[in-house]
Amino acid sequence: MSEPIARRKIIVDYRINATKCQDCGTMYFPPKSFCYNEGRASHMEDLDFFYKKGALYSGTVINTPSSKFKDVGAHISGIFEFPEHSLRIPGRITDYIPPEGSVDLSSLVGREVVPRFRRNYSGSEDGLVHYSSLNFSFGDEYYPHQEYVKIEPSEEVEKPGIVGYGVYLPKYRIKNEGGGVLGVTERTLPFADEDTTTFSVEAGKRALIHAALDSTYVKKCFVGTESPTYAVKPIMATVTQALELGEKFEDGYFSGGTDSQFACKAATDLYVDAAALVNYPAFGGEHVMVIGSDNSQASPGDPLDYTVGAGAAAFIFGRRDVIATLDHYLSYTSDTPDFYRREGEKYPRHGGRFTGTPAYYKHVLTAMKAMLKKSGLAPEDINYVILHSPNASFPQRAALQAGFTREQIAPGLTVAKIGNLYSGSCPAALGAVLDISEPGDKILMTAYGSGAGSDSYVFTVTDKIAEKRERSVPVQDQIESPHKEYVDYVFYRKMKDIS
Amino acid sequence: MVQKDGPKPIAAVVGAGRTKFGELWYDNPEKLLVEAGLECVESVDKGIGRKDIQACFFGSFLYQHTNKRGLIPGYMAQELGLNIPISMTEAACASGGAAVYNAVLGIQSGKFDIVLAGGFEKMSDRVDKIMDDLMFAADPHEFDAGFTFIGLYAVMMSRYLYDYGKGDERCLDAMAIVASKNHHHAMGNPYAQYRREFTVEAVKRSALVADPVRLLHCSPVSDGAASLIITSPEKAKEMTDTPIYIYASQQATDSVALSARDNLTGVKSTRLAMGAALEQAGMKISEIPLAEVHDCFTIEEVMYMEDSGFYNTGEAWKGIFDSYKDYEGLRHIPYVRGDAEVIVNPGGGLKADGHPVGATGVRQVFEVYRQLRGEAGDCQVESDGDLDAALCHNIGGTGGICTVHIFGRGA
């Protein structure tokens, strides 16, 4: 495939774009500019099926995949239909490993499916990574279908803060046998067609649904990661196209953004910038999305290889219908070489025990204590404390040292069950805490990024949180899902390396 | 039966040649085509020379891609040492049928009265890439949805089993019977890639390639070529006393993408081309005792038996199952419906004879030509002397194109 062909496919495939004849109702995928029945005089309407649910019409288990899908291995491809719209499209079932032997395909006919933004393939001659939403997971499985309802923001302008969030954790998990490794007992990992980009889109999609916000109101998107899909080509551009924050082809929604890197605080560092932007008149918008996303990398066999996870969390900042105001911020930075990866190197290196006291603890504790002083809050004024969690031991020790209790720490200690999401670590934990917060709750979050620095924030939860709660996919539900699947180390390692 | 007062023939076949099909590692595609071409020129009873050919119509699916070549007419002229009009058609697995169709058009136009139609393919040159290459005959979105070409027929078979089989094991048996029957038919075919019997049980036990399609439901990857000399009906008698006349030549097309079609359990282009061909020939399907059918996967032969009108929609599997039960052990096993009988793929079809994609549509005519002239040797269909009509059905992709030709010995 060439770059121009890839570009044209992006326009159609990211959101399953189709057209409908307004005269006779006939649907076309890929989109057509005229109707077979009505001819050139037909009036065609653009539709997309990004948020729709469909059903399997007929499927097959591809036991011998084409070269594009060798990494995925055996899988179900099929014809899927969106019955309400009389539309059929080809697609693939993802998050599913077919059992060996014959599969009762008849039993799958009619089963509800949800479109998923996944990688189709990489490694082709053009060197591009190709994505689409022509991938589906079963609707009664790990990933529930959610309606995307848009609600106009209220007229009332408040202190800036979070107006919606979404956390995406992949379905597949690996256990650390015994008592776990530094308190981490199990971890998330990508499926063969997932990567940092797909995590970002999934998290952003959930954030839009949670906020019930028209995607075109988001005028900037930041993606913080240290496992970017490309060395040069921003993930945020893919997110912007897929979530329709920006360009609707030949229509023009204007939106910008960038990817950022600062080890595990690449996303959290930008929360304050997002909150500032929505207050800045020349910005021209009122909403900014910040996503922390990583397929956290570690050298095989390295101690970190037993604590890293995968996933993303997206937060939308604005100043209308805010669920948690951003009350205080400070950041503390020094040039501390505790963990790093040079261009072209596959895995990060780290300084072993040097990553502890002179790096993590120094920055986290300095920032946290300074924040308490700046905000005038005492530890007992805080309902939940969240710290960057390279494992479950470091954040507990630091928080206890700063005067917090285990009860304040526990809800944000998601690392024990999902692993270290690197740029998504604090954001996912913040999502887990917001899932259970009540109006008036105060949340102290202190992120840490190697290299090194800490951002500390205080949020106050508002009354709005209750009305949006039903639209969230709680982190705890994802952690405890009966549909999660455990894999062994060999499978895990393969997934980490191809993603 | 071709009626004396029925439609007149539109063209005639007076010579036919082919290579053996198989993995022909040491032959290049040009050599195969030349071999088939020379055999077909030399097969003309009263003799013609290479320079009597006024135009050539070739078909191949992957030649350009495999060899990274364009301007195929020039390459073909170089091979033949001729400077006549040459055209090349790519229509996936129907490239051969389309070449025949174009050759007949050339005759019908009145511009030519002796032409050569040829089909060839060298699939083994892409031995480790052929799975991907075959997806050129599919919609790109199907490729990106993880489909293989086998997978596309597998979703058709899957839906057929769902809609019509409804869990009846005999429906799966019918899919295997088609393979077993065609391999049985190939036992007398010296050109066939696989002259080997497979029981129904062996087919049903073979490896699942794209569930529910198993390895032995599939035609093989093949190399080979076939050629025909096609003339005007008037010219034919100058070439041979026993030409085989073409009474219908039809082509129909449909969306490449399966998802854009009304259903997956039949092929619209077959229905359209068959209907038009029967009308053109003034015949009913029950009057055609011999058919070369595009059995790239056994489900396609099952669907053809419905799309052609021989069996009712959703009932071919029952007819196939019942036919096989009644006729097990014969040289050829006909499909039966009431008083009507048809022998499908007497030389083994794509399934056992082999399926060098671009050659197949021409090879089918080669088979019919020999059968109607009574020259098919150990493959000859036994009849009481009234084997006077036959048809060839050639599909491209999963039905994006279909050609149908109807032949007879003449009134």
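**A buried helix, and what surrounds it**

Modeller: In this predicted model, the buried residues of H3(A) are Ile235(A), Met236(A), Thr238(A), Val239(A), Thr240(A), Gln241(A) and Ala242(A).

Biologist: What makes helix H3 of chain A largely enclosed by the rest of the structure?

Modeller: A residue is called buried if 20 or more other C-beta atoms lie within 10 Å of its own. Seven of the eight residues of the helix, which spans residues 235-242, are buried, and therefore H3(A) is described as largely enclosed by the rest of the structure. After the helix comes Glu244(A), which has a positive phi, near 60 degrees.

Biologist: Why is Asn391(A) called buried?

Modeller: The cut-off is 20 or more other C-beta atoms within 10 Å, and Asn391(A) has 21 C-beta neighbours inside 10 Å, so Asn391(A) counts as buried. Its place is the loop between strand S19 (384-387) and helix H6 (393-401) of chain A. Leaving aside residues up to four places away in sequence, Asn391(A) touches Leu182(A), Gly183(A), Val184(A), Thr307(A), Val415(A) and Asn420(A). From C-alpha to C-alpha, Asn391(A) and Leu304(A) are 9.0 Å apart in space, although 87 residues apart in sequence.

Biologist: Is Ala352(B) buried or exposed, and how do you know that?

Modeller: Ala352(B) has 30 C-beta neighbours inside 10 Å, and so counts as buried when set against the cut-off of 20 or more. Ala352(B) belongs to helix H14 (residues 349-353) of chain B, and among the residues that Ala352(B) touches, beyond those up to four places away in sequence, are His183(B), His185(B) and Tyr194(B). The C-alpha atoms of Ala352(B) and Phe21(B) lie 9.6 Å apart in space, while the two residues are 331 residues apart in sequence.

Biologist: What makes S2 and S3 the edges of the open sheet in chain A?

Modeller: The sheet has three strands in the order S2-S1-S3, with antiparallel pairing. Strand S2 (27-28) and strand S3 (44-48) each have a single partner strand, so one side of each is left without a neighbour in the sheet.

Biologist: How do you know that S1(A) and S2(A) pair?

Modeller: Two strands pair if there are at least two bridges between them, and two bridges join strand S1 (residues 17-21) of chain A to S2(A), the two running antiparallel. Thr19(A) stands opposite Tyr28(A) in S2(A).

Biologist: What joins strand S4 of chain A to S5(B)?

Modeller: Two bridges join S4(A), residues 54-62, to S5(B), and these strands run antiparallel; with at least two bridges required for pairing, the two strands count as paired. Asp211(B) in S5(B) is the bridge partner of Val61(A).

Biologist: How do you know that chain B touches chain A, and which element gives the largest share?

Modeller: Residues are in contact if their C-beta atoms lie within 7 Å, and 27 residues of chain B are in contact with 30 residues of chain A. On the side of chain B that touches chain A, the largest share, seven residues, comes from H7(B), and that side divides into 15 nonpolar, six polar and six charged residues.

How values were computed: Residues are numbered from 1 along each chain as its sequence is written. Chains are lettered from A and ligands numbered from 1 in the order in which they are written. This is a predicted model: local features need pLDDT of at least 70, side-chain atom pairs count only at pLDDT 80 or more; totals for chains, interfaces and linings use all residues. A residue is buried if 20 or more other C-beta atoms lie within 10 Å of its own, exposed if 12 or fewer, and partly exposed in between; C-beta atoms are placed from the backbone. Helices (H or I, at least four residues) and strands (E, at least two) are DSSP runs, numbered from the N terminus. Two residues are in contact if their C-beta atoms, placed from the backbone, lie within 7 Å. Ala, Val, Leu, Ile, Met, Phe, Trp, Tyr, Cys and Pro count as nonpolar, Asp, Glu, Lys and Arg as charged, and the others, Gly among them, as polar.
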